[in-house]
Structures are given as structure tokens and as C-alpha cells.
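Good morning, everyone, and thank you for making the time.

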Amino acid sequence: MTGTGTGTALVELDDVSKFYGNIRALEGVSLEVHAGEITCVLGDNGAGKSTLIKIIAGLHQHDAGSFLIEGSKTTLSSPREALDRGIATVYQDLAVVPLMPVWRNFFLGSEPTRGAGPFRRLDVGLMRETTRTELLRMGIDLRDVDQPIGTLSGGERQCVAIARAVYFGAKVLVLDEPTAALGVKQSGVVLKYVAAARDAGLGVVLITHNPHHAYLVGDRFVLLKRGTMFGSHPKDGITLDELTRQMAGGSELEELSHELERAPTPTHLGGHPAPKDAG
């Protein structure tokens, strides 16, 4: 598969399929993720987006086709291996501990320590300062990194997760419907930080069902429908209107509109309404 990006793709799926018994979850899907670009994967519920995420994130293995990381064919055995290879996935239901402070969630599972032996303890000062600095580097100015992360808005929590992935060295950032449960203003905030991750040199995979959000930040678009790919376009190869039309079903929607057209009112000869039955 040849994309619009230059150089070797950070991640490439070529004709990838996934089956669960006789159920086809994904078939013949191809996409590329390049450094400094955002690849948007669009589709409604049941389109295969979740299965695609799980393959890239190392949760599931593909059954056919090729999965390449920086040009090398790969089969990831776990999310930890994906992380070790530079692929970070931020799910819609963020894995945070609501009552813990922002800085603790930022380092959750990767806490730095100081001292040795019985004197070993968490380096709280370093974690606080690093969290504040890294969030500011992404343009996120939190009032207090000591506040419980559960007090942040959904958009702010998404932004913390994006900054965390950047700090811990992700090359590829996979975002699962980051704006799905957010209003217009919060969605705009998240999209700004998605663009900031791209500008930091990451390759971003943005999973969404919203073509307007995708078109604001995307460099290329892959459309999924019932587990198969029915469109792949660079941004200069498709307009927002056409992307929206394809997402909405295109010809299927037009066919449905014809079916739903109001039938003409029955009339007698001469154009008068038919009389009601007596009695």
C-alpha cells in the first residue's frame, strides 16, 4: 500500500483480516501511519474500529495480511510489547484513578523512586514538577496538578493522557473516539492537543465516527463499514461534504430517502378526495 507520506511508515497494515470463528470482524483493511501525520479511521458502530484498535494495540493478533512496524513484519503478543515498540493507545474510557492527583495518574505504573533499600520511596517532587512541565509543553495549563484527576473535565483528562503518551516516548498514538462524549468546546480542546501530538512528530491514529472532527485535523482518511474498508483518501483527495456523504451511507441513504417519500394522497377522478365510508 502506498500512502501520501514520505519515508517508511511507523505502522502499516496491509490487507489485514481478523475472524472470530465464522464471524468476520475485519477483512482486507490497509492503512499507513506516518510521523507527523494524523490518520483518521471512520465508521459507525459495528464497522470494525474496535477490532482494528485491538490489533494495533497488541490486544489481539491478526489472522491474515501484514502488520508492519517501521517496515518490519510484526505480530504483537501484548499491549506491553506494543508500548515497548512505541505504540500507545488511549481508550475512550480512560484508565485513571479518579481520587488520585493528576501527577500520580500521569506516572501510574511507571513511578520514579529515590533512595535504596528500606529508604526507597516515590520521588513525589520529580513527578509533580515533570507533570506540570510536560502538560505546559503540550499547552495544557492546569491550575493544580495535586487536584484529583476526577475533578477534571472529560476533555482535560483526555489531554493529560495524550501528554503522558508523548512524555513516555510514544511514536504512534492511537486515540479511541476521544471526542465521542464531549460537547463542542471540549471537543475543540482535545483536537487541539491531538494536533499538538502530531506537531511533536508522533504518528496519530484517530478513531472517530465524526467526519467534521476528522476533517479538521486529519491528513488521510480510512472508512470502515461492516468490517471492510470502503474508502481510503488523502485530505487533498476528498472534500468534507464527500467524506460526510460516504460516512452517512452515500447511495444507501439516497435509496432510503426514496423509500421514505410520502405517497400521493388517493383521489377520485376529477381530483376530489375519496369520500369516507358511510356509517
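This is a predicted model: local features need pLDDT of at least 70, side-chain atom pairs count only at pLDDT 80 or more; totals for chains, interfaces and linings use all residues.

I begin with a pair of helices: the axes of helix 4 and helix 5 come within 10 Å and cross at roughly 100°, where helices are DSSP runs of H or I with at least four residues, strands are E runs of at least two, and both are numbered from the N terminus. The axes are lines fitted to C-alpha atoms, for helices over the stretch in contact, and angles run from 0 to 180 degrees between N-to-C directions. Helix 4 and helix 5 are therefore roughly perpendicular to each other, since angles of 65 to 115 degrees count as roughly perpendicular, under 35 as roughly parallel, over 145 as roughly antiparallel and the rest as oblique.

Residues are numbered from 1 along each chain as its sequence is written, and side-chain values use heavy atoms, with hydrogens and water left out.

Which residues make the packing of these two helices? On the helix 4 side they are Thr130, Glu134 and Leu135, and these meet Val160, Ala163 and Tyr167 in helix 5, a contact meaning heavy atoms within 4.5 Å. By class, this contact has four nonpolar, one polar and one charged residues, with Ala, Val, Leu, Ile, Met, Phe, Trp, Tyr, Cys and Pro counted as nonpolar, Asp, Glu, Lys and Arg as charged, and the others, Gly among them, as polar.

Helix 5 (residues 154-167) also packs with helix 6 (residues 184-199), where the axes come within 8 Å and cross at roughly 10°. That crossing angle makes helix 5 roughly parallel to helix 6. Helix 5 contributes Gly154, Gly155, Glu156, Gln158, Cys159, Ile162 and Val166 to the contact, and helix 6 contributes Gln186, Val189, Val190, Tyr193, Val194 and Ala197. These residues divide into eight nonpolar, four polar and one charged.

Turning to salt bridges, the count comes to 13, each being a side-chain nitrogen of Lys or Arg within 4 Å of a carboxyl oxygen of Asp or Glu. One of them joins Arg128 to Asp146, with the closest N and O atoms 2.7 Å apart. Arg128 lies in helix 4 (residues 124-137) and Asp146 in the loop between helix 4 and helix 5, so the pair ties together parts that are 18 residues apart in sequence. Arg128 counts as partly exposed at 31% relative accessibility, and Asp146 counts as partly exposed at 33%; here buried means under 20% relative accessible area, exposed over 50%, and partly exposed in between, with a 1.4 Å probe and protein chains only.

Is Glu134 buried or exposed? At 12% relative accessibility Glu134 counts as buried, whereas Arg137, at 60%, counts as exposed.
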